[in-house]
Amino acid sequence: MAGEVAEQKKSSVNILTTTNVKPRKPLGKKECQLVTFDLPYLGFYYNQKLLIYKGGEAEFERVVENLKDSLGLVLEDFHQLAGNLGKDEDGVFKVVYDDNMDGVEVLVATTEELAVEDLTAEEGTTKFKELIPYNGVLNLEGLHKPLLVVQFTKLKNGVALGCAFNHAILDGISTWHFMSSWAGVCRGSTSISVPPFLERTKARNTRVKLNISQPSDAPEHAKSAANGDMAAKVDPPLREKVFKFSESAIDQIKSKVNAPQSEMSKPFSTFQSLSAHVWHAITRARQLKPEDYTVFTVFADCRKRVQPPMPESYFGNLIQAIFTVTAAGLILANPPKFGAAMIQKAIDMHDSKAIDARNKEWESNPIIFQYKDAGANCVAVGSSPRFKVYDIDFGWGEPESVRSGSNNRFDGMVYLYPGKIGGRSIDVEISLEANAMERLEKDNEFLMEV
């Protein structure tokens with residue numbers, strides 16, 4: 001940690017303290033096997049989220065104590081986040097909590113150079129790296145590192161909350177369930193309204209033995225993860241940008257994709273319409289050859305698709321990647337409806353039988369994927385505009401901005417968030433090869449500008 005502190009001081013952020021927070025009351029020892037839905041993410045990096053708030057800086061010490069106290073209370077229910085990964089005698093991965101473990105790592109920091117406006121105006125992720133912990137740390141390292149690390153940073157005129165979650169134990173739905181529960185307790189609730197459903201083996205109970213235990217056992221891309229030097233591994237250079245689509249623009253996109261609509265066809269949802277719009281535009285920006293393949297990947301929630309269905313409060317990963325592939329020439333020669341129909345069909349076909357078949361296939365030959373294994377010339381969509389990220393109010397207001405960190409980014413990665421302005425607005429956060437991004441920024445058809 002000393003080296004990390006020194007590095008932070010050379011930049012604009014100074015780490016003041018590093019402590020740990022555990023559940024307030026003793027819980028004993030608790031274990032839960034990781035299941036087939038969890039295991040493929042061991043080769044990904046920690047999932048990073050940054051919430052930027054105005055206010056709170058004047059009473060920063062009190063704010064930090066409230067955040068820590070409420071974290072200790074909410075961890076009584078979400079105790080898996082305070083544990084570590086483990087392996088049983090058969091080599092099957094599990095998540096383990098014991099009262100003698102360290103718990104969640106909490107960093108408290110300050111900066112005199114960054115204001116809220118500097119961060120909300122940031123298109124890339126460069127300024128975020130010093131505000132979110134665990135850049136370049138693999139989920140597999142949860143065997144000996146905390147499964148959740150948070151950093152509270154005092155800004156000139158606000159507070160930044162950076163979180164690094166071990167993706168091998170939870171997906172986006174579980175992440176925001178935890179965050180909303182924590183915020184509710186921090187605002188004064190004495191208990192959480194919806195406890196997490198922790199019996200992940202109810203969704204899948206196949207025991208899968210994996211012979212990996214350290215970063216060098218993970219995919220080739222991850223061997224240098226311990227030094228945190230991710231930029232050196234990215235080729236070609238990427239750029240990130242958030243494209244903000246108003247409610248009116250979203251409605252126009254949906255209307256365009258659905259027109260003309262026959263009585264026999266199923267309407268395209270907002271997600272399907274926007275996904276086709278983005279896929280079409282990125283394919284244009286990449287200037288692919290007509291015969292080049294392009295893959296659209298969506299990480300679909302399977303809670304209601306599995307049999308028996310799992311509750312929304314299921315805590316863990318209950319997502320699967322759904323792939324759609326076609327030739328770039330076909331995407332560009334047809335209206336966005338063409339891509340939307342392919343996406344809709346792939347999602348509709350991903351029922352409990354398809355999920356079970358995918359799981360059985362993986363269990364027969366377990367592969368720990370690289371985080372960027374999403375297909376050729378891919379557009380991969382994560383997060384969701386349905387996540388109520390702007391409801392995460394710890395007591396001094398809702399966030400000004402919610403962003404993803406630098407981990408798990410590759411050419412074609414897309415994160416969707418609800419727009420800050422509310423309604424049906426959506427923020428589309430895209431990572432793209434720099435030249436393609438330059439063309440995308442000038443694409444008025446994509447931007448919905450006349």
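**Close-up views: a cavity and aromatic pairs**

**View A. Lining of the second largest cavity.** K256, H277, H280, A281, R284, P336 and E445 line the second largest cavity. This is a predicted model: local features need pLDDT of at least 70, side-chain atom pairs count only at pLDDT 80 or more, and totals for chains, interfaces and linings use all residues. Residues are numbered from 1 along each chain as its sequence is written, and side-chain values use heavy atoms, without hydrogens and water. A cavity is a set of points on a 1 Å grid over the protein atoms alone where a 1.4 Å probe fits but cannot get out; lining residues have an atom within 4 Å of a point. The volume of this second largest cavity is about 40 Å³, counted as the space filled by probe spheres set on the points. The structure holds 2 cavities of 30 Å³ or more.

**View B. Make-up of that lining.** Helix 6 (residues 270-286) gives the largest share, 4 residues. Helices are DSSP runs of H or I with at least four residues; strands are E runs of at least two. By class, the lining has 2 nonpolar, 2 polar and 3 charged residues.

**View C. The F243 and F446 pair.** Rings of Phe, Tyr and Trp (its six-membered ring) pair if their centres lie within 6.5 Å; planes under 30 degrees apart are stacked, over 60 edge-to-face, the rest tilted. The count comes to 15 aromatic pairs. The ring centres of F243 and F446 are 5.1 Å apart and the planes are at 75°, so this pair is edge-to-face. F243 lies in strand 9 (residues 238-245) and F446 in helix 11 (residues 444-447), so the pair ties together parts 203 residues apart in sequence. Both F243 and F446 are buried (under 20% relative accessible area, 1.4 Å probe, protein chains only).

**View D. An aromatic cluster.** Ring pairs join Y53, F78, F152, F165, F178, W182, F315, F394 and W396 into a cluster.

Technical notes
Buried means under 20% relative accessible area, exposed over 50%, partly exposed in between (1.4 Å probe, protein chains only). On a 1 Å grid over the protein atoms alone, a cavity is a set of points where a 1.4 Å probe fits but cannot get out, and a pocket is an open set with protein on both sides within 12 Å along at least five of seven lines; lining residues have an atom within 4 Å of a point. Ala, Val, Leu, Ile, Met, Phe, Trp, Tyr, Cys and Pro count as nonpolar, Asp, Glu, Lys and Arg as charged, and the others, Gly among them, as polar.
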